[in-house]
Structures are given as C-alpha cells and as structure tokens.
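Trainee: Could you help me learn to read a protein structure? I would like to go through it one feature at a time.

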Amino acid sequence: MATIPITKRGAEKLKEELHRLKTIERPNIIQAIAEARAQGDLSENAEYESAKDRQGFIEGRIMEVEGKLSAAQVIDPSALDAGGRVVFGSTVELEDEDSGAAVTYQIVGEDEADIKLGLINISSPIARALIGKEEGDTAVVQAPGGERRYEIVAVKYI
C-alpha cells in the first residue's frame, strides 16, 4: 500500500476522530439499536432501520480512518530542512503578479485541506505548480479561469 503524506496536525485530528467514533459514537448507536429492538416488530421499525444505517456508516468511517492512519507518512513541517524549496508541509507566501494580492498557503494532505484556512491539497493545481520552487521564483498555475502567475515571496517550515 502506498503511503499517504499527512502533517502532524492532520494525523492528530484523525486520531481524535477515531477515538470519538470508537468511544462515543459506537456505544451510542449500539444503545440506540438495543432500544429500537426492544420496541418489537423489526420489519416495520423505522428507528431500528435508521440506527442500523448509522451503525454501518460509523463502522465504515472507523475502517477508513484506521486505513488512512496505517498508510500515513506523518511529516512535521517544523522539522523540515528543504533549503528554502517548497515541499509538502511548507507554508508559502505568494503574490499574484496580475492583481498584487497576497495569499498564504500551507501544502497539506487530502484529508486536511481547507482553502478557507489556507490549507491546500498536495494534488491541487496550485500546490503542484509550487512544489520544488524557491523564494523569488514564479509559479504558473493553470486555473479554470486561465493562467495565473504567482511570485513566491517566502517559504516557511512552521
């Protein structure tokens, strides 16, 4: 199985979710199934069917998170020394060459990406254009609205 890069923060979030699913969600749904089963006829019991569906979702998510954690290659951005190059986990300050707008992104794994928080997926077009570049370089991104050019202002490993 191929390894999946994930930041230390992303791995902690997945571990917290797994703990919550196993210690809170799973026992709650088992209790809900027991209560629905106690109501009698299961063939026409909507609460029972709903609880069983929810149980299937929870068990599937537990397996998915466990699989991701087992294949994860945890990377601590603060421990990186990439010589000023943009790599997975680095935080990059960019300036749009057309508008002059400044943006800051951290390149993270698929599960932790959130553009509103400035966390971009390693496989996104902008991250692919940035990987390997250094401060002062220009990254050309093929965006849906056309070609965008960004100057790399700073590269940090935080």
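This is a predicted model: local features need pLDDT of at least 70, side-chain atom pairs count only at pLDDT 80 or more; totals for chains, interfaces and linings use all residues.

Trainee: Which salt bridge do Arg-26 and Glu-59 form, and what does it link?

Mentor: Side chains of opposite charge can pair when their charged atoms come close. The N to O distance between Arg-26 and Glu-59 is 2.8 Å. Arg-26 sits in helix α1 and Glu-59 in helix α2, so this pair links parts of the chain 33 residues apart.

Trainee: And how do I read the sheet?

Mentor: Strands of a sheet pair through backbone hydrogen bonds, either parallel or antiparallel. In this model, five strands form an open sheet in the order β5-β4-β3-β7-β6, with mixed pairing. The edge strands, β5 and β6, each pair on one side only. Between β6 and β7, the pairing is antiparallel, over six bridges, and Val-141 stands opposite Arg-148.

Trainee: Where is the salt-bridge partner of Arg-148, and is that partner buried or exposed?

Mentor: The partner is Asp-96, with the closest N and O atoms 2.3 Å apart. Asp-96 lies in strand β3, and Arg-148 in strand β7. At 3% relative accessibility, Asp-96 counts as buried, whereas Arg-148, at 34%, is partly exposed.

Terms used: Residues are numbered from 1 along each chain as its sequence is written. Side-chain values use heavy atoms; hydrogens and water are left out. Two strands pair if DSSP finds at least two bridges between them. Helices (H or I, at least four residues) and strands (E, at least two) are DSSP runs, numbered from the N terminus. A salt bridge is a side-chain nitrogen of Lys or Arg within 4 Å of a carboxyl oxygen of Asp or Glu. Buried means under 20% relative accessible area, exposed over 50%, partly exposed in between (1.4 Å probe, protein chains only).
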